[in-house]
Structures are given as structure tokens and as C-alpha cells.
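Hi there,

Here is the structure I promised to pass on to you.

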Amino acid sequence: MYLGIDLGTSEVKILLLDEYQEVVASIGESLTLTRPHPHWSEQDPEHWWVAVERGISKLQHAHATALASVKGIGLSGQMHGAILLDKRDQVLRPAILWNDVRSGAQCQQLERLVPESRQITGNLAMPGLTAPKLLWVAQNEPDVFRRTEKILLPKDYLRLKLSGEHVSDMSDAAGTLWLDVEKRAWSDVMLNACGLSREHMPRLVEGCAPSGVLRSDLARAWGMGERVVIAGGAGDNAASAIGMGAVANGQAFISLGTSGVFFVANDRYRPNPEQGVHTFCHALPGKWHQMAVILSAASCLRWVTQVTNSIDEAALLQEIESADQREFDHAPIFLPYLSGERTPHNDPNAQGVWFGLSHNTTRAALGYSVIEGVSFALLEGYRALQHAGTHVDIASLVGGGSKSRYWSRLLASVLGLALIRHSGSDLGAALGAARLGLLASNPDADVGAICAPPPTIDVIEPNANLSDATQRR
């Protein structure tokens, strides 16, 4: 058996996988975040660990025999968060999360301090990434900064609790702006610019490599064996790619989750920072990936559902699908920047817009304009990927928005790409984490066979008429 632990923003998901890659159990434990000031987003890392312990306890109650057979654990998690620890590994302040945008000024400062930062890291300095957060702490909470001995990413705090080791993997570390992404090593230049050194950083391993073993007291308490290997793991999107089988050059997936992601696996380092494309290490050795990221995707649908007083997202999507589609030729245009934007605009202050409202605008038209606007934003991201020399023939579609066949067809038509929907796509990151746990504890395993795509539900082809209509808009 193999355990995948995926630390999201809204929940911790724990997945139990057998040696034939059949999912034995999946449990989710909810999380909350706090926004004490505008632009801030924080969580208490201890709440993550409590959620893990609750989830393991439930698995132990329902699947004790299977849990006792666990040989490997893989970790996945929300990226870019900053967990600051003192010399006793005590948390000094709440974790600053990926969607915290307080550090805009520090991004500009960092790029002035290191003019070659984009060449080293392959990325623009963005407020969501980790390094600007530490500059903000140094300038606004100097006592906390002085007491900081180690900085960990979210999933790596769970690793510390599981194994006692300070370790991260290449894919997650690539999102800090402290990694030389092509060389897959910490950059002294980037660390020095933030007043830090390699002593503050965790040890680095590949995502499919062992990073340590489960503490013996936890193994006994959870009814596991003596040597349970913990894999390096991956940032959430790289882990999702392992789960969805996007590992070879040109394999891609699109996520319609809270945020939107267009992910493409690469066999070489291929940055395009000027257009806000993320270029990170993949979770497998010798592989990289590119991502176009929009900060609001399915969250826009949730928002318009609330403001139009629809029953829920499914009901609004049904209302959109049942409407006279000709009405949407004159629907408002929606800019989906409810949380600022990354690719290609890199503007934390960008705001959402509805343009073209009239007395005749219906709820269905508003809903349509929102899912269309998100689709257009993903098209902008796809064009930025193409500008970096990336070619995609077909992509998997995951995330909550992928459950809607209507939205899937609209997105396929806007992008001009066939989209594959898979069974179990909602388990992507947790499944990928479990697969990495399997690889770390079985070094002779066939990577291609382990990281195969899940079964296909259907393939959504672009609609020519819809492509023409949306292209005009």
C-alpha cells in the first residue's frame, strides 16, 4: 500500500493506493484560511498537521489492515507558502500563502537587487512566490526574520512532522525564486538578495526519490511497519501531472479549479518569464514543466452564482445551457481578475470587469460571460506558452469546472484543442503523491507504467461554430 497526502488550501486529502494502483480509500479534512488585512492570506501550519492526524485516524478505523501494509508515503501541497521556523523548529508566525499579494513592492525590489533573476529562476518575481514574502517579513517583522533558522514550504512542514527532516523537492523549490531552475540547485545569489543562505534552506531531492522515513513513534501509533519511506513529493500541479500522466514532453493538462492552470511537461528548460509563464522543475529527474496560471477560474463561477442568487453552480450551468445560445452573441464581456492576475499580465491589482451590461442582460448571459471570460484568460495563457515554443496537440481537463460538459466544450472551442476528461481526475494531486511514494520505495519500478493517465471518460472536440463565435468576441 502507498499513501498520498495532498495539502490544499481548503482541505487535506489523504489517499490510500494499492500496488495495482487501485484507490482503496480517500479522505478529506477541511481547512480554513484567515485574511487579517487586505491582500493577506494566512494559515496556521499546526492546523495542517491536526487535519493529517484526523484523516489518518479515520483511515486506521476503517482500513487498519491496508494501512499496516503502507511501504511509501508521497506528499503534495499548495506551493509558494512561507513557513518560518526557529532553532527548535517552532513556527514563528502564520504561514503566508500562495494567494497572499502583500509583497508587490518587494518583487520590484528583488528584481532591482538581482537584474539576472529571470535568467536564474526562469520566472518573474510575483507576489505569490516565496522570496518576496521573506523580504516583506525582513522589512515589516524584523524580530521574526532575525529568529528564523529554517524556511519550509507547506508540504515540507508536514514532512518535518512525519520524519523530522528538513527536505524539499525540485518542483516545489522551483516556485520559491531561490532555485536555479535549470541547474536544480539553490542559488546563492537569490538567497543573498533576501538576506538568507543555504543554511536556511531544506535539503533538496527529486520528487520520486526517498527523503527520509516515517518516525518510529508515528509508525507504531498508526499501525505501520518499521521502515516507511517518504518520497520527495511535489508541488500540487506537478503532483497532479504525475497523477494525470502528464510526464513526457508535450503532455498537458488544464485545471479548472479555484485558480486555472495550463500545464505542459517539457524535456528541457524552456522559460518565458516576460509573459508570466512559470517554468519549474517537474517531479521526475531531468524533466521540467511550464505553467500558465490564472488566479481565478472556477471561483469566478462560484462568485457569479452567489451574486445572481442562483441555487448552486450546477443550476446556473443548466440555466446557461438551456438558454437561447444566440443571446450570448451580445452577452457582456467578463475579465476574470477577481484576485489580480498572473499569466500573462502579472498584476496583483488587476480587477474584474463586466463590460456591456444592459436592461436586457439575463442571469444566464452573466453566467455565460463568466465561464467564457475564464476560457479567454486560459487562451491568453496558452498563447504565452506557444510563444515559448511549446506545442500541444491534446490536453487532459481536471478540476471542479471539468465536471460541466458544456464548459468543457466551450473551453475546447476557445482553445482549439481536444480535451480529455478522466475518471478520478479529482484525485489528481493525491494520486500523484501516492505514485511518488510508490516510486521512492520501489526504485526499480517502471516510471512510464506507474505514471500512466487514468481511464478516459470522454474526449471533447472543439465546435467550429462556437470557435468562430467566441473568436469574434
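Below are some notes on what turned up in it.

This is a predicted model, where local features need pLDDT of at least 70, side-chain atom pairs count only at pLDDT 80 or more, and totals for chains, interfaces and linings use all residues. Residues are numbered from 1 along each chain as its sequence is written, and side-chain values use heavy atoms, with hydrogens and water left out.

Let's start with a strand. Helices (H or I, at least four residues) and strands (E, at least two) are DSSP runs, numbered from the N terminus.

Which strands does S16 pair with? Two strands pair if DSSP finds at least two bridges between them. With strand S17 (residues 260-266), S16 pairs in the antiparallel sense over 5 bridges, and a hairpin of 3 residues joins S16 to S17. You can find Ile-254 opposite Phe-262 in S17. Strand S22 (residues 394-398) runs parallel to S16, joined by 3 bridges, and there Val-398 is the bridge partner of Ser-255.

Next, the nonpolar cores. A nonpolar core is a set of buried Ala, Val, Leu, Ile, Met, Phe, Trp, Tyr and Cys residues joined through side-chain atoms within 4.5 Å. The largest one has 51 residues, and those with the most contacts inside it include Leu-110, Trp-178 and Phe-263. Helix H5 (residues 130-140) gives the largest share of this core, 5 residues. Not counting residues up to four places away in sequence, Leu-110 touches Ala-131, Leu-135, Leu-177, Met-190, Ala-193 and Cys-194; contact means heavy atoms within 4.5 Å.

Now for the charged residues. Side chains of opposite charge can pair when their charged atoms come close. A salt bridge is a side-chain nitrogen of Lys or Arg within 4 Å of a carboxyl oxygen of Asp or Glu. How many salt bridges does the structure hold? There are 27 of them. In one, the side chains of Lys-155 and Asp-169 meet at 2.7 Å, N to O. Lys-155 lies in helix H7 (residues 154-163) and Asp-169 in strand S9 (residues 167-169), so this pair ties together parts that are 14 residues apart in sequence. Are these two buried or exposed? Lys-155 is buried, with a relative accessible area of 0%, and Asp-169 is buried, with a relative accessible area of 0%.

Arg-302 forms another salt bridge with Glu-313, and their closest N and O atoms are 3.8 Å apart. This pair links helix H12 (residues 298-307), which holds Arg-302, with helix H13 (residues 313-322), which holds Glu-313. Arg-302 is partly exposed at 35% relative accessibility, and Glu-313 is partly exposed with a relative accessible area of 28%. There is also a network of salt bridges linking Glu-42, Arg-93, Asp-100, Arg-102 and Glu-141.

Phe-355 is exposed, with a relative accessible area of 62%.

Happy exploring!

Definitions and conventions:
Buried means under 20% relative accessible area, exposed over 50%, partly exposed in between (1.4 Å probe, protein chains only).
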